[in-house]
Amino acid sequence: MFVKCFSLLVLCAAPSLSASPAAWVQDPTPPEQGQDPKPEDPKPEEVPVEEPKPEQQEAPAVPEVAPAKPSLAGPELFLHAERLWVRPGLVLENAGVLIGGGQVLAAGTGLKAPEGVRVIEGKVICAGFLDPWSTLSVEPQAAMDLGTSPATLTSDALDFYALDLERREALRAGVVAARVQAGAKSLLGGIGSVVRLDPAQRSPQAVLLGEACASASVGITRGNGGGDVFDRAVEIDRIVGALESGRRYEESLTEYKYEFEAWQKKIKEEEEKLEKDFKKAQKDREKEEADAKEKGKEFKEKSYKEDKQPSQPSPNADNQAMARVARGELPLFVEVHRASEIRALLEALRPYTRLRLVLAGATEAAPFAAELASRGVAVVLWPMPLGTQRLPEQSNQDLTLAGTLEAAGVEVLIGSGAQGRSTRELPLLAAFAVSQGLSRAAAFDALTLGAARALDVADKLGSVEAGKQADLLILDGEPLVSTTRVRYVLSAGRVVVQP
Amino acid sequence: MSKSPTLLFCALLLAPGAALDAQGSRQALAIHADKIFLGDGRVLEDGWLLVQEGRIREVGRGVQPPQGAQRIEHEGAISAGMVLCASSAGLVGGSVDTTRALTPEARVIDAYDPQDEFFARMLAGGVTSVMLTPGASNVVGGLCAVVKTNGVDVLEREGHLSLTLSTAALQYNRTPTSYSGALALLEQSMLRPEGVLAQVKAGNTPVLIEAQSRAEVQRALEFTAKYKLSGALHGAALSGELAEWVAPSKLGVVLSPLGPGVDRRQLDAVVKLAEASVTFAFSIDESSSPALLRLGAAECVQVGLEPAAAWAALSSSAAKIAGVEARVGKLERGLDADFVLWSSDPLDLGSSVQAVYINGQRAWSAQAATRGSSSAQGAGQ
């Protein structure tokens, strides 16, 4: 069936190709550039080459990464495997994936490789893994910056020319993308990004979502140590304070907007009235002026007084960022470990009903499992078995936490703990969580669709479905089993790891 | 970890163990499992492990459990207990004598503290034997020992002689202060007509040589070649890059810990060691969770190490390096019944330790630990 309607599928995929990929829209060469060839170009011989054809000019904003390729992507690669993990909970036997233009064009059973297209056979195909707690690709000093503020943009600190080795290692292990954070240990870390880890990709293609989440941390050891219990309480106050300022800021902006509109409306009405009564008023004025002259008095002009213009709240980038968090536009990732701090944080954030809270670390979260589940708070765990030397906030680590949270219905995610080099260990960390009670299904979800959903990139990553980005893995066994090896890794449809 | 939960944990361990001892040691034990990892690369599906009087009596498929044997049905895998090579943990009073360069007659067994929390932690992670070494601050550190993690058995009281040819043995306040000084001192002491070093020279006592960098490894290889010594190198992270020289020396290699985020280069070096058929073993820092032993092995498997070789490096090869392969490290008739019940393949980090047996006695189980205390459970991670 899939074979028959293949051409249809390509056609179906085409409009989404031209419209959706944000990475393409961000291409630094604006499409209009070609429409306006500068006559003073020092290399006139290149002009005819660059001169766009008329129909290209007429096309709306369809920027192309490679201008040589037609925007209507044909199939470029066909994968076939014994088992295709389409998404968590759906595994197809003997299935294929057709890839073109960096995207999945079709996925399912009964697909055949089109003529002349490269075919890769494997045992298992699944979506590439996503690390929701990393700093890989962030310039190292920025990653550890403790002086960030809510408006700090991680996308300003991305360095796609450093740590190539670490990113290649992460890819090799099947981690194709990560939520990365500048100021990862900062009280308020700013706005994090979701990036691809393929070292061959630079900005902007590598940036899947430039502004993906806000970040904060409470009670963690920073630099020389952590604070005492009072310092930690103050940290919660400051986070909630920033959120409240953001909320109020937005409220005052909205108030201002309406007040300004009302003010403008009133002026307009007043003007219309004056316009309407202009002739009469002119006559009256002339008469009054004449009267005054006659009586030898000074003529007093009637003045019209405008209402005072409402004052605009002074612009504040931090408040603006936190307002987006308060209204649920950006999720808020908070690294917090101790039970007392988790309790205080949950309590203080209760009034913010639209907030999308994600806890990271959450060492002592077990007693709050039911509340986390009912409030829809996801939790990112770092299930690395710790020995006797632990940070104070991690002293009560218990790896059964993942299973406990899952049983209570909490969305469990797994991250590498913002330690760049460990991003490659993400599948092994997931296995550790499995060993202590997390179901394999939940662990797979945590590394794929669950993470993609939490970071608002589920339209691009997390499953093997038509229209999604072709960031895929081909494995020689079941995913998340430590003896399984990654054979091939695809990033945006390109084979970036192969045996 | 504070001391009191540890003691509580030990008490919990010993109490039921002691009860079992009285009635259980003579009784045969027959365990049926989905998979049995023999330790020589073979994996038996659906097999039996028969244990009697603390030893393995039979391993195989279609084995008839004897009459009156206690039967255990295990849904999961069984493997030999892991062997940890070259650890300086669990020693009282410190194992480091920094004032003297040569302490050949020192015995690490004299500092061994079976009550140390370290052994309970290792046991819960599936490690049943540990080779104890003196610290690395002496050129000649003393004699290693091999103990079981049940706090009772000692497999070897006077094993390898520990030598250090790394910078760790070079102190600023006593000789030697340089590599050449260290080797000169070592050469000189090899001339002693009797004592431990004479035994080493005669080939009766193997050596364990600490060497970190590749230059140090090469120096160690030259030294052992000159005196035709047997034994192993210790700590040589990149010795795999020298595999063509290490292999002919017949020395084993105890790798430095491959902790989280370790260099890819170190992982590749391990694969090279295996390709050159060098006997090697993984190790961990004394403060680490024993799960990191398997993490290091799994990371190597991910970059190409054969799973069988990775498992050997945690069990049989480690036992061979420690010189106790005739007692532990495999599931084989006649060997000590030291084994681990896993939820699945022991190399899969998604597998957990469910119970650990030493000499056919249950020394640790996840169930008992959960019932016992949360700190004991923590040790199991």
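## Basis of the model

Two strands pair if DSSP finds at least two bridges between them. Helices (H or I, at least four residues) and strands (E, at least two) are DSSP runs, numbered from the N terminus. Strand β16 (residues 353-358) of chain B meets that pairing test with β17(B): four bridges, antiparallel.

The model is predicted, so local features need pLDDT of at least 70 and side-chain atom pairs count only at pLDDT 80 or more, while totals for chains, interfaces and linings use all residues. Residues are numbered from 1 along each chain as its sequence is written, chains are lettered from A and ligands numbered from 1 in the order in which they are written, and side-chain values use heavy atoms, with hydrogens and water left out.

## Chain B overall

Chain B holds 12 helices and 17 strands. It has 381 residues, and 59% of them count as buried. Buried means under 20% relative accessible area, exposed over 50%, partly exposed in between (1.4 Å probe, protein chains only).

Take contacts (heavy atoms within 4.5 Å) between residues of chain B at least 6 apart in sequence: 65% join residues at least 24 apart. The accessible surface of chain B is about 14,700 Å². Carbon and sulfur atoms account for 49% of that surface. Areas come from the Shrake-Rupley method with a 1.4 Å probe; for residues, only the protein chains shown count as cover.

## The seven-stranded sheet

Seven strands of chain B form an open sheet with mixed pairing. Their order is β3-β2-β1-β4-β15-β16-β17. The edges are β3 (55-60) and β17 (361-365) of chain B, each pairing on one side only. Neighbouring strands of this sheet are turned by 35° against each other on average, direction ignored. Axes here are lines fitted to C-alpha atoms, for helices over the stretch in contact, and angles run from 0 to 180 degrees between N-to-C directions.

Strands β1 (residues 29-37) and β4 (residues 70-80) of chain B run parallel, joined by eight bridges. There, I36(B) stands opposite I78(B) of β4(B). On to β15 (residues 339-342) of chain B: β4(B) is joined to this strand by four bridges, antiparallel. A80(B) has F339(B) in β15(B) as its bridge partner.

## Cavities

The whole structure contains five cavities of 30 Å³ or more. On a 1 Å grid over the protein atoms alone, a cavity is a set of points where a 1.4 Å probe fits but cannot get out; lining residues have an atom within 4 Å of a point. Grid points are joined across faces, edges and corners, and a volume is the space filled by probe spheres set on the points.

Helices α13 (426-435) of chain A and α8 (291-302) of chain B each supply at least two lining residues.

## Backbone features in loops

The peptide bond from T175(B) to P176(B) is cis, with omega near -5°. P176(B) sits in the loop between β10 (161-164) and α3 (179-190) of chain B.

Two non-glycine residues carry positive phi: E53(B), near 50°, and K250(B), about 65°. E53(B) lies in the loop between β2 (43-52) and β3 of chain B. E53(B) is exposed, at 53% relative accessibility. K250(B) is in the loop between α6 (243-249) and β13 (252-254) of chain B. K250(B) also counts as exposed, with a relative accessible area of 73%.

Definitions and conventions
On a 1 Å grid over the protein atoms alone, a cavity is a set of points where a 1.4 Å probe fits but cannot get out, and a pocket is an open set with protein on both sides within 12 Å along at least five of seven lines; lining residues have an atom within 4 Å of a point.
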